[in-house]
Amino acid sequence: MEQFTGKVWLLGDDIDTDIIIPTEYLALKTVKDMAPYGFSPLRPELAAQIKPGDIIVAGKNFGCGSSREQAPEVIKALGVRAVIARSYARIFFRNAINNGLLLIENDTLCNDVKEGDEITVNVGESIEYNGKTYPEAGGLVKAMQKLNGIIK
Amino acid sequence: MGMTIAEKIIARAAGVPAVRAGEIHTVTLDYLMSNDGTTHLTIDMYNKLRNPRIADKSKLVWIVDHNVPCDSPKTAASQKKMRDFARDNGITFYEGEGVCHQIMCEKHVVPGQLIFGADSHTCAYGALGAFGTGVGCTDYLYGMVTGGSWVMVPETLRFNLTGKLADRVTARDLILTIIGMIGANGANYHAMEFVGDGMKNLTMSDRISICNLCVEAGAKTALMEVDDITLAYLEAHGGRKPAACFKSDDDAVFEKTFDIDLSSIVPVVAKPHFVDNLAPVDEVKGVKINEAFLGSCNNGRIEDLRLGASIIKGHKVADKVRFLVVPASQEVYRQALREGLLDIFMEAGAMIMNPNCSVCWGSCQGVIGAGEVLISTGTRNFKGRAGDKNSFVYLGSAATVAASAIAGEIVSPYTY
Amino acid sequence: MGSTLIEKIFAHNIGADSVKAGDIITVNVDRVMIHDIFIPFVKDKFEEMGFTKIWDPDRTVLIYDHLVPASQLDDPRHHHIGDDFCDKYGVKNVHRSDGICHQLMTEAGYVKPGDVAFGTDSHTVTYGCVGAFSTGIGYTEMASILGTGKLWVRVPETIRVNINGTLPEGVTSKDVILTIIGDLRADGATYKSLEFAGSTVDAMSVASRMTMSNMTVECGAKCGLFSPDAKTAEYCGLKGLDDFLTSLHGDEDAVYSKVLNYRAEDFVPVMACPSQVDKIKPVSQVILEAAAMEEGSVVPSVGLIKDGSIRVDQVFIGSCTNGRLEDLQAAASVLKGRHIAPFVKLIVTPASRKIYRDALADGTLDILAQAGAMITTPGCGLCCGRTGGILTDNEVVVATNNRNFLGRMGTSKVNIYLASPVTAAKCAVAGKIV
């Protein structure tokens, strides 16, 4: 099982593609050229603060809006290891998969986590934060084990 | 000893009976025009003054024309500063109405006036017998606050025009030829005065085009006599009356007089990267173009659109070539619309933009990329003027531009 | 058990008797659209994948619209790359300055009812207006379609939207779709098909339906479909509807994940307020709320409150959502004999060359120009936010396009209100939200 730990950048609901990378910069030659403008309408300073291995945590409907594939590519170019959101817009979702950007759906983490905190992701299984595991049950098997009193 | 038109206008503005070239006089200004290229800077300076006031707000005309519609947050902020200041101070304000010099000619300028404009092509107003000259922000601010300024009386170069331009040879070919002849600094600090029998064969549009471009020879201003054509134009544009109609006296002193037979003028282009880098069209024939531009304060009037439309009608813009047609004002736009010219251009595949400076200003609309070539009716072909620093601008007439747009390369205006 | 409209289109496409929501299928692509911003990236991916020819160049359409006219120095590069791509792979369907891609795809006859189409733009959903499946994809998937002519899709669940009755005077299909988005919220139809039906949509022009299909992506939908009818056939230049096209409606016994029922008479003029497309309020409510705010103050996400109203700095009428002839005519009917308020800019951008010429011919553009509008060349213009009327902090723009995202038209403090052309034109005359 792959595991990684990273620092959290916390964003809200409906983070749209124009926030992720504004149209103004879409004709720059490479995604690398665009990366410094990532998230600039919302938080102009953010792109420079993100370090490789960091994790974005957000609310619902992440990536809504345009079909621009630069959106997941810019996030990747900034070194973001994974995005954890309550839900994703569909074009962004497909584009992220096609570019190998790890997207994780989680309904509750964004309510608990604070920006700057570290979280650990057990890929395909769970997220650990502040001594708590997300999803709470840690998968179907663990949920059943819990139901059956095998684990707490 | 008599006076030139330039001397007479300055004498009037200075409130003295006579002035002579070389003298410096304190003058009262009739208008102060400023556009979105620099007005925000003027406002910044104004706000730094102690207890600033505007001497006479009715003399100020502010026009947003350079980046319209706005192309960036930075420009939007400077335009907002200008708009808010105009609103707060009751300054005559236009936005999206067209290129500043065209608006001034259509709505404000009358013969005999002395006008400062914070734009080099202010010399266009000479077509209406007014002394217009371009100034920087500091001069503008002084005029705005005091209502006056100082001017040095310029020497005059006189151009005596005879005859008539041949078919599809335009006033633009004439003035480009003159600039080529005297050079880009050939009229530095001088007035260029146009007179002669040939004037009656030049429309107001031709005259504005000629005067407008005189700054490209370094002129301080350009001047023409008021005649029936001028008066008819003023009448048709708000029934304006001249402040004073001046002619140079027979015994006025001219530094030099040039005699030009209009029938001798041929279609020309100014090659990159200087306005005086002149060649007959045939010499540059075959240069491939990426874009063509018909518009600007120099050549965006109804007469220019008529000429362009008459050539492109029934033809298509060449594959992969962009042809921008930009009427100089809303008045021109609507006239062209009613005459069916806009539809001719649209049918041919041109792009018609809202009236503004467009690619002549070269910062936002129709910019050309590295290695690209533009044939333009704009005012300048300086390196990088229309976009990338490694691009190329050729200046030609409305006829040459329209024909080249069809061919996809620079061709003679007689090709179609 | 019956089928939804989208299930019928997909079943027909793959030659199956039926498909059901949740099925993963591989569709045969009838048409693809690529626009100028993404063509360099599509080309790179296509060649990186090792393809040497396009599966069917005639099914490929390249449209320059986002960067027309060029506003930044790198823009022409995209057009050169596009031109080279077309020359190299034999693509002949190229539009270099004819208007917005989504307008042209149906207007120029590239997409017909029942087709399956993909485009490198989220508003590709627009072609649902003629009963075609169409949706936006990224450039990597586009490159793979160009090579294979196929793409996998998951058959979406459908939300059925029934609208019956007659819309009140001054209420347009824009008000209808904005209201629906407000009800569903920005993610309410994610991965789903929206299927519109009822006497109200039957009575709508294809242009009005186009406005609605176009905006379905704003609630996350994969497509927004209308059943083809006689109007569709006429618009698409078809002699009539064959058996397949006649069958393109949701069956009574089809399975819907949700059914929304609206009475047309209940719709009112609405706006999407800054800066979410689903922040929908009746215009009357926006006016009332402004009246209760402090005079002379700049309220974040609202604008400057002046004389008890929200001051409007600019109005934009255009885009693939609302740049069609009927939209310009609606604005002209408000603006005829009037002039826009002092210090307000009105920017009108017809959606296509054809629309521009039609509006020239019927006098609409003359009315708009006389009222003080700046009429720009057809293209995406301000909607895509690269040029065409960019604004600055605390300014307010009322716009007829599809998105009011933070920073979409300038700084992140620009307040963008989305509305119908009727509302937008009224605001331009008043200089405030009315």
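Predicted model: local features only at pLDDT ≥ 70, side-chain atom pairs only at ≥ 80, totals over all residues.

Me: At roughly what angle do the axes of helix H2 and helix H5 of chain B cross?
Reply: Helices here are DSSP runs of H or I with at least four residues, strands are runs of E with at least two, and both are numbered from the N terminus. Axes are lines fitted to C-alpha atoms, for helices over the stretch in contact, with angles from 0 to 180 degrees between N-to-C directions. The axes of H2(B), residues 39-48, and H5(B), residues 137-146, come within 9 Å and cross at roughly 55 degrees.

Me: How are H2(B) and H5(B) oriented to each other?
Reply: Angles under 35 degrees count as roughly parallel, over 145 as roughly antiparallel, 65 to 115 as roughly perpendicular and the rest as oblique. With a crossing at roughly 55 degrees, H2(B) and H5(B) are therefore oblique.

Me: How many residues in the contact of H2(B) with H5(B) are nonpolar?
Reply: Two residues are in contact if their C-beta atoms, placed from the backbone, lie within 7 Å. H2(B) brings B:Leu41, B:Thr42, B:Met45 and B:Tyr46, and H5(B) brings B:Cys137, B:Tyr140, B:Leu141 and B:Met144. Ala, Val, Leu, Ile, Met, Phe, Trp, Tyr, Cys and Pro count as nonpolar, Asp, Glu, Lys and Arg as charged, and the others, Gly among them, as polar. By class there are no charged residues, 1 polar and, as the number you asked for, 7 nonpolar.

Me: How are H6(C) and H8(C) oriented to each other?
Reply: H6(C), residues 173-184, and H8(C), residues 206-215, have axes 8 Å apart and pack at an angle of about 25 degrees. The two helices are therefore roughly parallel.

Me: How many of the 12 residues of H6(C) are buried?
Reply: A residue is buried if 20 or more other C-beta atoms lie within 10 Å of its own, exposed if 12 or fewer, and partly exposed in between, with C-beta atoms placed from the backbone. The cover over the buried residues of H6(C) includes strand E8 (158-164), H8 and strand E12 (270-272) of chain C. Among the buried residues are C:Val176, C:Ile177 and C:Leu184. H6(C) is mostly covered, and its buried count is 11.

Me: Is A:Tyr37 buried, exposed or partly exposed?
Reply: A:Tyr37 sits in the loop between helix H2 (31-34) and helix H3 (46-49) of chain A. Beyond its neighbours within four places in sequence, A:Tyr37 contacts A:Ile21, A:Pro22, A:Tyr25 and A:Ala47. Because it has 18 other C-beta atoms within 10 Å, A:Tyr37 is partly exposed.

Me: Which element gives the largest share of the side of chain B that touches chain C?
Reply: Here 38 residues of chain B are in contact with 36 residues of chain C. Elements of chain B that each supply at least two residues include helix H3 (73-89) and helix H12 (330-338). The largest share, 6 residues, comes from H3(B).

Me: And which element gives the largest share of the side of chain A that touches chain C?
Reply: In this pairing, 28 residues of chain A are in contact with 32 residues of chain C. Helix H1 (17-20) and helix H5 (90-98) of chain A give two or more residues. The largest share, 5 residues, comes from H5(A).

Definitions and conventions
Residues numbered from 1 in each chain as written. Chains lettered and ligands numbered in written order.
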